[in-house]
Number of protein chains: 2
Amino acid sequence: MTVSSAGRRERKKAATRQAIADAALRLFLLRGYDQVSIRDIADAADVSTTTVFKHFTGKEALVFDEDEEREAQLMAAVTQRAPGQSVLDALRRHFLDTWIRIETHPQRAEFAHLVESTPELRAYAERMWTRHTEALAAAVADAFGAGHDDLACAALARYVLDIPALVRGRHDLQVAVETIFDLLAHGWRPPATG
Amino acid sequence: MTVSSAGRRERKKAATRQAIADAALRLFLLRGYDQVSIRDIADAADVSTTTVFKHFTGKEALVFDEDEEREAQLMAAVTQRAPGQSVLDALRRHFLDTWIRIETHPQRAEFAHLVESTPELRAYAERMWTRHTEALAAAVADAFGAGHDDLACAALARYVLDIPALVRGRHDLQVAVETIFDLLAHGWRPPATG
DNA sequence: TACAAAAGTGCAATGAGTCAACTAAGCAAC
DNA sequence: GTTGCTTAGTTGACTCATTGCACTTTTGTA
């Protein structure tokens with residue numbers, strides 16, 4: 001029975017994890033982050049509170065269950081860019097094409113609002129996002145054969161990862177992203193004022 | 001006796017606050033952040049634990065008791081820059097002159113190590129620092145008569161405030177800071193290799 | 001079948017942070 | 001000075017996140 005039962009444990013584990021994440025998100029959206037306790041989530045998912053912590057490092061992590069994917073996409077944008085395309089250009093395209101699309105997806109709206117309206121989550125999201133700085137910096141450095149501690153690469157990585165926070169709430173994300181990349185490519189210029 | 005006794009309450013309050021902050025820092029440096037409870041601090045300062053929270057918003061805030069000052073300095077660097085000096089230049093000078101001097105001050109070393117070695121504090125410090133983005137962005141925007149929501153100004157503010165995190169741990173802060181400002185002024189260039 | 005690893009449970013404990021009712025010190029006006 | 005308002009501080013109980021431990025159940029495997 002090795003084949004048919006292979007990974008039953010894995011699947012059940014994944015199912016439990018998903019049940020917890022689903023229950024958490026549902027309750028958070030329904031009542032607000034602060035108004036939901038781990039106990040509530042555990043009950044809704046029909047597990048014990050300790051089991052919740054076996055699957056997630058903390059309450060905040062329950063909200064951001066699918067972040068590795070987006071990091072991977074970002075990394076891929078650099079490492080698997082079209083031949084002849086510059087790193088900066090690859091990143092710009094990634095933001096304009098992939099990132100904006102995801103961010104403006106209708107389903108994303110209420111989730112975004114949840115994060116937006118909970119200071120604790122906003123802080124966590126930002127931390128989580130900028131935490132990928134090292135990985136992206138390494139990818140950029142590799143693209144140039146520079147050392148992983150190269151300052152210019154680290155700066156580019158961080159500045160690019162700041163973009164989501166910077167353009168948040170702008171009416172025209174497209175224009176906003178272009179503005180930032182223009183600054184990164186050509187240097188900062190004073191704003192044009194009447 | 002209006003003069004000599006004026007604000008005795010104020011002074012006592014300030015004294016209590018200081019006693020708490022001092023006790024906290026002393027214990028943190030002695031035993032490490034995680035190994036000190038609010039209870040310990042309250043006992044050392046001879047107040048109740050609730051009093052601690054009357055003066056400080058949370059445990060982390062006990063460590064960063066004097067941050068408004070540095071924000072004010074930064075703001076002043078922009079608003080009170082020498083005539084004819086560009087904003088970017090004023091900021092560069094501020095970092096090279098004032099910021100590096102403070103950061104490399106001997107007394108600062110053990111404090112820096114405490115923050116450095118406590119992930120919770122590192123995250124908090126970064127958040128605290130970048131939280132001033134709005135204020136700095138407004139100051140920069142004012143310098144150009146632009147609106148307070150001007151994206152280019154917001155980006156510059158955030159990117160400048162990222163500098164401490166970016167150059168942390170570099171052997172030559174001077175060079176590191178110059179590198180970043182060069183990027184901000186003239187755009188990003190691939191690192192020179194081979 | 002028997003055994004080891006992993007998933008999950010229950011329970012108790014720690015520690016941060018909040019709340020409400022109370023005490024007492026400062027301060028002002030009379 | 002005494003009356004009375006304001007506010008710092010106290011006390012103790014409470015909620016909740018998070019951890020550790022000992023235990024049971026399930027699953028994979030020899």
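A salt bridge is a side-chain nitrogen of Lys or Arg within 4 Å of a carboxyl oxygen of Asp or Glu. By this rule, there are 20 salt bridges over all chains. Why can such pairs form? Side chains of opposite charge can pair when their charged atoms come close.

A word on the model. It is predicted, so local features need pLDDT of at least 70, side-chain atom pairs count only at pLDDT 80 or more, and totals for chains, interfaces and linings use all residues. Residues are numbered from 1 along each chain as its sequence is written, chains are lettered from A and ligands numbered from 1 in the order in which they are written, and side-chain values use heavy atoms, with hydrogens and water left out.

Now chain A. A:Glu178 and A:Arg92 form a salt bridge, 3.6 Å from N to O. A:Glu178 sits in helix H11 (residues 173-186), A:Arg92 in helix H6 (residues 87-103), and 86 residues separate them. Helices here are DSSP runs (H or I, at least four residues), numbered from the N terminus. A:Asp89 joins these two in a network of salt bridges.

Buried or exposed? Buried means under 20% relative accessible area, exposed over 50%, partly exposed in between, with a 1.4 Å probe and protein chains only. A:Glu178 is partly exposed at 34%. A:Arg92 is partly exposed too, at 23%.

Next pair: A:Glu116 and A:Arg168. Their closest N and O atoms are 3.8 Å apart. A:Glu116 is in helix H7 (residues 108-116), while A:Arg168 is in the loop between helix H10 (151-167) and H11, 52 residues away. A:Glu116 has a relative accessible area of 32%, and A:Arg168 has 39%.

Over to chain B. B:Arg70 pairs with B:Glu103 in a salt bridge, closest N and O atoms 3.0 Å apart. Helix H5 (residues 68-79) holds B:Arg70, and helix H6 (residues 87-103) holds B:Glu103, 33 residues apart. B:Arg70 is buried, at 13%. B:Glu103 is partly exposed, at 28%.

Last stop: B:Trp188. Where is this residue? B:Trp188 lies in the segment after helix H12 (173-186) of chain B. B:Trp188 counts as buried, at 6% relative accessibility. What does B:Trp188 touch, leaving aside neighbours within four places in sequence? Contact means heavy atoms within 4.5 Å. The partners include A:Val140, A:Phe144, A:Cys153, A:Leu156 and B:Leu183. A:Ala152 is another of them. The backbone oxygen of A:Ala152 lies 3.0 Å from a polar atom of the B:Trp188 side chain.

Definitions and conventions:
Helices (H or I, at least four residues) and strands (E, at least two) are DSSP runs, numbered from the N terminus. A polar contact is a pair of N or O atoms within 3.5 Å; within protein, one must be able to donate a hydrogen and the other to accept it, and residues adjacent in sequence count only if both atoms are side-chain atoms.
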